[in-house]
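Here is a short report on one protein model. It covers the fold, a ligand shell and charged side chains.

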Amino acid sequence: MTVPFAADALPTTAIEKRPLERYVAPAMPSLVGLPRVQLAEALGEAGVPERQRRMRVQQIWHWLYVRGAQDFDAMTTLSKELRQELARRFTLARPDVAAEQISVDGTRKWLIRLPGELADRPHEVECVYIPEADRGTLCISSQVGCTLNCSFCHTGTQRLVRNLTPGEIAGQVVLARDRLGDWQRAASAGSEPEKRLVSNVVMMGMGEPLYNFEAVRDGLAVVADGEGLSISKRRITLSTSGVVPNIARAGNEIGAMLAVSLHAVTDELRNELVPLNRKYPLRELMEACRNYPGLSNARRITFEYVMLKGVNDSAADARALIRLVKGIPAKINLIPFNPWPGSSYQCSDWEQIEKFSEIVFDAGYASPVRTPRGRDILAACGQLKSATEKLSARERLALRAMAMTD
Ligand code: SAH
Ligand code: SF4
């Protein structure tokens, strides 16, 4: 088997972090990542008559998502006048990469700046690329920070929150293909999508995707579009902490693979680890999972379970977990806890994780233990949070205080 994901085959230049003061908010809107309907509206604004819009969308779609065009001039199937008119109104800017870090294990983390309410105060999110032997997974964010506050998650301690737009969600895939030099490979992969560097997408970065439902749905539709980025829904996984009312909707309207952050087998413990459980307790969550549209042995739900030493990692917990998921086509993904500065948990001992995994495996469930990747660059699950974001929050408070005393 060829291993296209060997770290040494990828571009090796990292990007030094750009100071916040150098951030310049985009002056014009970008067309990158816009759903087809919005792209057609943008073309309307640029004077493209209605009867031509479908065809023009098709052409631009191809340039953007198959060829990776970064410039209107490259779009040679459009007339020069149209290209000029588009360039007067729009850009093809990707979300702004303010820093790139490369881990010793080949994992890459991008710090992305997005426009904030104040022109010189951008928001920051992170996006992580994880190369493995048989796939390359891009972990993308759905929100700046998270309104929920799971006690073991770094993102949950971040107060500042805004929803990402569909363009910013799909834009993360576009910028990853840019940075990895993946466009040509992606376009020629044909029926072997695993040959692309970015072959899979998981929505497991910052934010709770089901609390930004429409934008996540529309952004992922751009990512999955077979005439564009073409990452099939079977290769897209959406992870939720358990927003029960939106689970069935996710199955019907998004159709991606579902991962559920379970982490505990009793309401008492889950209330503490995933406080959303107080609103949507285990019984309702498991009911929603059983009824997940499209659920089958070929399309299982992944239950994520973070291994916290002495908290949820006993053999009795493992057996209770099996009882809980009984009857649901499921995989169980054990995640070693990734510590972050100030966290109050410890990761379970390795023998304990193995014991737990064995019990689950013996009950007939695949129970891979997720190898932590990119630990040296704080890129592992639940570690995404930017220090500058904290700073901007404080600065914002100071700014507000100043405005109030004016
Ligand atoms: N908000 C969504 C998706 C983002 S978090 C959700 O909670 O599902 C992706 C996964 O990382 C979730 O299963 C989350 O519980 C887990 N996670 C969060 N912090 C972690 C940490 N410090 N160590 C290991 N896993 C963590
Ligand atoms: Fe939000 Fe998910 Fe972190 Fe919980 S684990 S705080 S839902 S990002």
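The sections below go from the overall chain to single side chains.

## Basis

This is a predicted model: local features need pLDDT of at least 70, side-chain atom pairs count only at pLDDT 80 or more, and totals for chains, interfaces and linings use all residues. Residues are numbered from 1 along each chain as its sequence is written, chains are lettered from A and ligands numbered from 1 in the order in which they are written, and side-chain values use heavy atoms, without hydrogens and water.

## Overall chain

The protein chain has 12 helices and 11 strands. These are DSSP runs (helices H or I, at least four residues; strands E, at least two), numbered from the N terminus. Of its 406 residues, 54% are buried. Buried means under 20% relative accessible area, exposed over 50%, partly exposed in between (1.4 Å probe, protein chains only).

## Ligand 2

Cys146, Leu148, Cys150, Cys153, Gly156, Gly207 and Ser241 surround ligand 2, each with a heavy atom within 4 Å of it.

## Charged side chains

The structure holds 20 salt bridges. Each is a side-chain nitrogen of Lys or Arg within 4 Å of a carboxyl oxygen of Asp or Glu. In helix H3, Arg88 and Glu85 lie 3 residues apart and form one, at 2.8 Å. Arg88 is exposed, at 56% relative accessibility. Arg83, also in helix H3, is buried yet has no salt bridge. Its nearest side chain of opposite charge, Asp73, is 4.2 Å away.

Arg249 and Glu214 pair at 3.2 Å. Arg249 lies in helix H7 and Glu214 in helix H6, so the pair ties together parts 35 residues apart in sequence. Asp218 and Arg217 meet at 3.0 Å. Shared partners join Glu214, Arg217, Asp218, Arg249 and Glu253 into one salt-bridge network.

Definitions and conventions:
Lys and Arg count as positive and Asp and Glu as negative; His and the chain ends are not counted.
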